[in-house]
Amino acid sequence: MKLRTLLRWLRTSAQLLGGHPGMMVRAPRFLWRTVRDGPRASLGRLRRISDLVDYPAWRAEFGSTNVEKAAMAAWAQALPEPPRIAVLMPVFNPRPEWLQAAIDSVRAQLYPHWQLCIADDCSTDPRIHSLLEAVMAGDSRIQVVFGERNRHICASSNSALELVQAPWLALLDHDDLLSDEALIWVAKAITDHPEAQLIYTDEDKLSPIGEFFCPYFKGDWNPLLMEGQNMFSHLGVYSTALVRQLGGFREGLEGSQDYDLVLRCSEQVHRVQIVHIPRVLYHWRVHPQSTASGAIAKPYTVQAAERAITEHLQRCGEPLQKLSSMPVGFKAQRALPDPAPSVSVIILTGKGLKSLKRCLTSLLRLTRYPDLEVIVVNNCGSDDRSTLNLLAELELQGRIRVLRDPSSFSFSELNNRAVKVASGELICLLKNNIEVIDSGWLEELVVQVIRPGVGAAGAQLLYPNRTLQHAGVLLGVGGVANHAHLGWPGDHPGYFSRAQLAQEIASVTGACLVVRRSHYLAAGGLDEHNLKLAFSDVDFCLKLRQQRLQNVYVPAARLIIHESVSGGQDLDPENAAHFAAEVAWMQQRWGDHLTHDPAYNPNLCLETPHFRLAWPPRLERWDGEDPMPLFGTS
């Protein structure tokens, strides 16, 4: 291992550490081990730390080989009925070299059954007209319509749409690039999923000096996340018939016309008809006039997106109170119904008077929810007089209800018993080390959990030092599951803003979980027999998903959880054995579910919850005979 290679890994590792301050405590120990073990032994550790920022090395190692690309092309040629795909490109005064590169990226496709439909929106640069005439003359698959006046991108895109003769259409901006594999993977998705109506892929960015960076490895279709950002975006592929049925692109939505189109199309199809290809197939060029460099480049796109989202929610009958634009995306604030559904908050307590007092005091003082029942399950024993006095006083005031249960502590069993006697339509499981800091936290969770098709809703939990303890749960990380963005600063956007945007997620923590009582009982509650120490919340959320319910993470509901940043659980030998047994049980019970999290891309690793690149990704390579079964159908 050459010294300069090691220095490169050190540099990129330092960049990542700077972005994740919670990891800084590991730096001195890591450097000491590097000196002790030498450069070669340290390479693997450095790569695991720096993989997020050393994307070029990752691309070089795991990109398709020439042999694989030849096999892809042979597969396409042998298709008896190859699906034709039209690429739509509205054009207005791009740099000619960028436009030529975009067109060349279509012509370089391994998949030959395409049509390129270009609409020039009356570009004033005469070089553009000449370039387009030349490319149209050089390839019969390319058609161009020249506008007589500038009508902006929606009208121009509709002009390109009129040229389409294929059953599928893909959108390409006039300064971006397609991967040479893009359309062949799309064709594979079409043949594998005949029910599909919408298809989207992962994407990255292209720097001014021609480097690929900032890959966005997306999850499967996530309609709640779509309210906060256009996670469909590039490469987006649509059923031509569906787009035409909806009237194409809506004028007046310039700048977010594709966002609006996806939302309107999604209203007409079932989620299983929206397919995600977990591969980077689109390269979004970054320059001062591109939205790839940020919405500030085209501020009108924000207003257009706000209109698209608002009208989408109105068409869906959502009780929208307000839509707010944030630096990280958009927040749809839903209205609480009148009357609000009743909620039973269940808190288990042992001998921790300080934690319980802080929890109950903040809960009762700050929570503004109109119909609230607080049930405290007293499992502490008669010798903890101070705890008993606190509970007796609050119960006498009629502010809480106390259930006395001196049996051996089991998180699952005690909560299940309390749910059976709770009176609320909704159940909120709340750990006794939670502190309420915002009066509207419960409303934020309730308006999500009462939506049709929603199972459990979980809050954003912060450590006392205001770093993230919980921002949703990622399956498979660490063997079973772990909390997304664990240890990141509480105000950090997270991976592509996912720490701060509401979204569907495979699981949420039982430290603060809201669910309909009927759903809780139908799922069988928490597992009392196999999961007494850990993972009962993950198991419960997966059982809700088996009932076709989606769990959601709600960052607008923010609470403090008073536990050690290091995790706070040094297990004694007996508990360690129980924990290992529960890990094994979860892996046996849920199997491949743990490594196929719909909200977590197979190109991201299972070693940490920090959305780093997987070395290698959990994708099969194209073997020339039987291309990989695509992960990621919703």
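**A helix pair and its surroundings**

Mentor: Of the 634 residues of the chain, 56% count as buried. The model is a predicted one. Its secondary structure consists of 20 helices and 23 strands. Among contacts with a separation of 6 or more, 77% join residues 24 or more positions apart. The chain has an accessible surface of about 26300 Å², and carbon and sulfur atoms hold 52% of that area.

Now to the pair. Helix 12 covers residues 257–266 and helix 13 covers residues 300–315; their axes come within 9 Å and cross at roughly 10 degrees. An angle under 35 degrees counts as roughly parallel, so helix 12 and helix 13 are roughly parallel to each other. On the side of helix 12, the contact is made by Tyr259, Asp260, Leu263, Arg264 and Ser266. Helix 13 contributes Ala305, Ala308, Ile309, His312 and Arg315. By type, the residues of this contact divide into five nonpolar, three charged and two polar.

That leaves the cysteines. The structure holds zero disulfides. A disulfide would need two cysteine sulfur atoms within 2.5 Å. For Cys359, the closest cysteine sulfur is that of Cys428, at 9.3 Å, which is too far for a bond. Cys359 has 0% relative accessibility and therefore counts as buried. Cys122, at 26% relative accessibility, counts as partly exposed.

How values were computed:
Residues numbered from 1 in each chain as written. Predicted model: local features only at pLDDT ≥ 70, side-chain atom pairs only at ≥ 80, totals over all residues. Heavy atoms only, no water. Helix = DSSP H or I, 4+ residues; strand = E, 2+ residues; numbered from the N terminus. Buried < 20%, exposed > 50% of the residue type's maximum accessible area, 1.4 Å probe, protein only. Contact = heavy atoms within 4.5 Å. Areas by Shrake-Rupley, 256 points an atom, 1.4 Å probe, with all protein chains shown as cover. Axes fitted to C-alpha atoms, helices over the stretch in contact; angles between N-to-C directions. Parallel < 35°, antiparallel > 145°, perpendicular 65-115°, else oblique. Nonpolar A, V, L, I, M, F, W, Y, C, P; charged D, E, K, R; others polar.
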